[in-house]
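This report is written for someone meeting the structure for the first time. It takes a few residues and helix pairs in turn, with the sequence and the model alongside.

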Amino acid sequence: MTALLVLIVLVAGIVLVTARWKVSPFLALMGAALLGGFAFGLPATEIVETVTEAFGSTLGNIGLVILFGTMIGVILERSGAAIAMAEALIRVLGTRFPNLTMSLIGYIVSIPVFCDSGYVILNSLRKAITLRTGVSALATSMALMTGLYATHTLVPPTPGPLAAAENIGITHNLGLIIAIGVPVALVAALAGLAYASSFSRKEFTPLPAEDGDDLAVEQSWDELRESYGRLPNAFLAFFPILLPLVLICIGSVAELPSAPFGEGTLFGAVAFLGTPVIALILGLGAATLLLRGHGKLARFNEQMADSVRVAAPILLITGAGAAFGAVLEASPITGFLEDNLSDLGLGLAVPFLIAAALKTAQGSSTVALVSTSALVAPMLPALGLGSPEGMALSVLAVGAGAMVVSHANDSYFWVVSQLSRIPVGTAYRTLSVATAIEGTAAFATIWIIGQFLL
């Protein structure tokens, strides 16, 4: 019981210092790992060894994957590929169903591009479609927001799900997470779309442009499009996303006990190319095809430097989360949870509810993904989730919880509400509710899948 109280205090402390005092999540998690080691009664030398080994091995295993994934996303964002993908989807879907169009565009763009950046890039397109179709701006804002959010928290190579997979110990089978996560994210996006569509004819009074400097700077879709110059063609825009996803999934298929690719040279080649690091390096190579004109090398170097700056905080948080999880695994809490959780039948609800609580309390989906996955990893066998399928579903359950609920402590909430000029009161009643519906729908889908796989 003492171990459980220590765990509760540590988690509450992480939430308090990150949400109220804005302490870096890296420092909060590392502090919890060190303090937890002493509180659980681990020898001092063992605490240091556990923390440093977990931190180093985690970055060794997942660091390059997160870094290369971030590099692909930055190139897609800066080259205009995200806009090219959006226009390609509009040519296919048209503007007859504007909410559906915005949701699907967000769903695809956010696989490599952070949801915040994706919304900034696509907001001009959303406004153009809103004006062209006469549908409510509130509806198109929610449709785009939830479409972006779905894959951001559920589908690798987005850094959050990658970090969660590493903490839980299933990065060797990312193909399984992708194969399940893609349809789960689609259900989540459709749930958000259904809620958004209920506001299609609902008017609201937008914030005036003079209320904020960032609101006064407006660009039409045509102006934004022209600022990128000649856009890449649709195939080159989609290729850096699809190539690593397909390679990773094929690599996972190659590892099946049935050995569909045999055990010789073909198997070795497929397994090598399907390794996440190699697949993402090839995806990065494909992304370089998007660089055009004079000064390509200089732009590439600048974007790679920016990628490192974007990825660095995520890498540090991921390593600290792994260190915290390793301390928990070495502590008496593991045995306590195994003795008391196995008969409760909570299963996938545990990672979902913990992630939802952390997300709602401190605001960051990535922090919720990293912290929760580190916290629940030692519990999975006791919860009946120790199999590869159980671990993959646990990663997705954490991702579903990391959507619930976006509100004032979440930067994404402000990006959407401010760029769409949605008053704060209206945003609470609509955007926050939409993320709650989306995350709940994702978890319900995961739970149903679990009835067949577990």
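Glycine 399 is buried, because its relative accessible area is 0%, and buried here means under 20%. The model in which this value was computed is a predicted one. Glycine 399 has its place in helix α19, a helix that spans residues 388-401.

When residues up to four places away in sequence are set aside, glycine 399 touches Thr153, Leu154 and Leu369. Glycine 399 and alanine 150 are separated by 249 residues in sequence, and yet their C-alpha atoms are 8.9 Å apart in space.

## Proline 161

Proline 161 belongs to helix α8, which covers residues 159-168. With a relative accessible area of 1%, proline 161 is buried. Leaving out residues up to four places away in sequence, proline 161 touches His152, Thr153, Leu154, Val155, Pro156, Leu369 and Val395. Among these, Thr153, Leu154 and Leu369 are also touched by glycine 399.

## Helix α19 against helix α9

Two packed helices are described by the angle between their axes and the distance between the axes. Helix α9, made of residues 174-197, packs with helix α19 at an angle of about 55 degrees, and their axes are 9 Å apart. At that angle α9 is oblique to α19, and the crossing of the two is right-handed.

On the α9 side the contact is made by Leu176, Ile177, Ile180 and Gly181, while α19 brings Pro388, Glu389, Ala392, Leu393, Val395 and Leu396. Sorted by class, the residues in this contact of α9 with α19 are eight nonpolar, one polar and one charged. Val395, which takes part from α19, is also one of the residues touched by proline 161.

## The nonpolar core and leucine 122

The largest nonpolar core holds 138 residues, and those with the most contacts inside it are Phe40, Leu122, Leu125 and Phe324. Helix α3, residues 44-79, gives the most to this core, contributing twelve residues.

Where does leucine 122 lie? Leucine 122 is found in helix α6, which runs over residues 115-133, and leucine 122 counts as buried because its relative accessibility is 0%. Apart from its neighbours within four places in sequence, leucine 122 is in contact with Ala82, Ala86, Met102, Ile105, Val109, Leu144 and Leu148. Leucine 122 and leucine 224, which are 102 residues apart in sequence, are 9.5 Å apart from C-alpha to C-alpha.

## Helix α6 against helix α20

The helix that holds leucine 122 also packs with helix α20, residues 411-419: the axes of α6 and α20 come within 10 Å and cross at roughly 10 degrees. Angles under 35 degrees count as roughly parallel, and therefore α6 and α20 are roughly parallel to each other.

From α6 the contact takes in Cys115, Asp116, Tyr119, Val120, Asn123 and Arg126, and from α20 it takes in Ser411, Tyr412, Val415, Val416 and Leu419. The residues of this contact of α6 with α20 divide into seven nonpolar, two polar and two charged.

## Helix α2 against helix α15

Helix α2, residues 25-39, and helix α15, residues 296-330, pack with their axes 8 Å apart and at an angle of about 15 degrees. That angle makes α2 roughly parallel to α15, and the crossing of α2 and α15 is left-handed. By class, the contact of α2 with α15 has twelve nonpolar residues, three polar ones and no charged ones.

The residues of α2 that meet α15 are Pro25, Phe26, Leu29, Met30, Ala32, Ala33, Gly36 and Gly37, and those they meet in α15 are Leu316, Ile317, Ala320, Gly321, Ala323, Phe324 and Val327. One of these, Phe324, is among the residues with the most contacts inside the largest nonpolar core.

## An exposed residue

Is phenylalanine 235 buried or exposed? Phenylalanine 235 counts as exposed, because its relative accessibility is 57%, and the cut-off for exposed is over 50%. Phenylalanine 235 lies in helix α12, residues 234-254. The C-alpha atoms of phenylalanine 235 and alanine 88 are 9.3 Å apart in space, although the two are 147 residues apart in sequence.

Technical notes. Residues are numbered from 1 along each chain as its sequence is written. This is a predicted model: local features need pLDDT of at least 70, side-chain atom pairs count only at pLDDT 80 or more; totals for chains, interfaces and linings use all residues. Side-chain values use heavy atoms; hydrogens and water are left out. A nonpolar core is a set of buried Ala, Val, Leu, Ile, Met, Phe, Trp, Tyr and Cys residues joined through side-chain atoms within 4.5 Å. Buried means under 20% relative accessible area, exposed over 50%, partly exposed in between (1.4 Å probe, protein chains only). Helices (H or I, at least four residues) and strands (E, at least two) are DSSP runs, numbered from the N terminus. Contact means heavy atoms within 4.5 Å. Axes are lines fitted to C-alpha atoms, for helices over the stretch in contact, and angles run from 0 to 180 degrees between N-to-C directions. Angles under 35 degrees count as roughly parallel, over 145 as roughly antiparallel, 65 to 115 as roughly perpendicular and the rest as oblique. A crossing is left-handed if the near helix is turned anticlockwise from the far one by less than a right angle, and right-handed if clockwise. Ala, Val, Leu, Ile, Met, Phe, Trp, Tyr, Cys and Pro count as nonpolar, Asp, Glu, Lys and Arg as charged, and the others, Gly among them, as polar.
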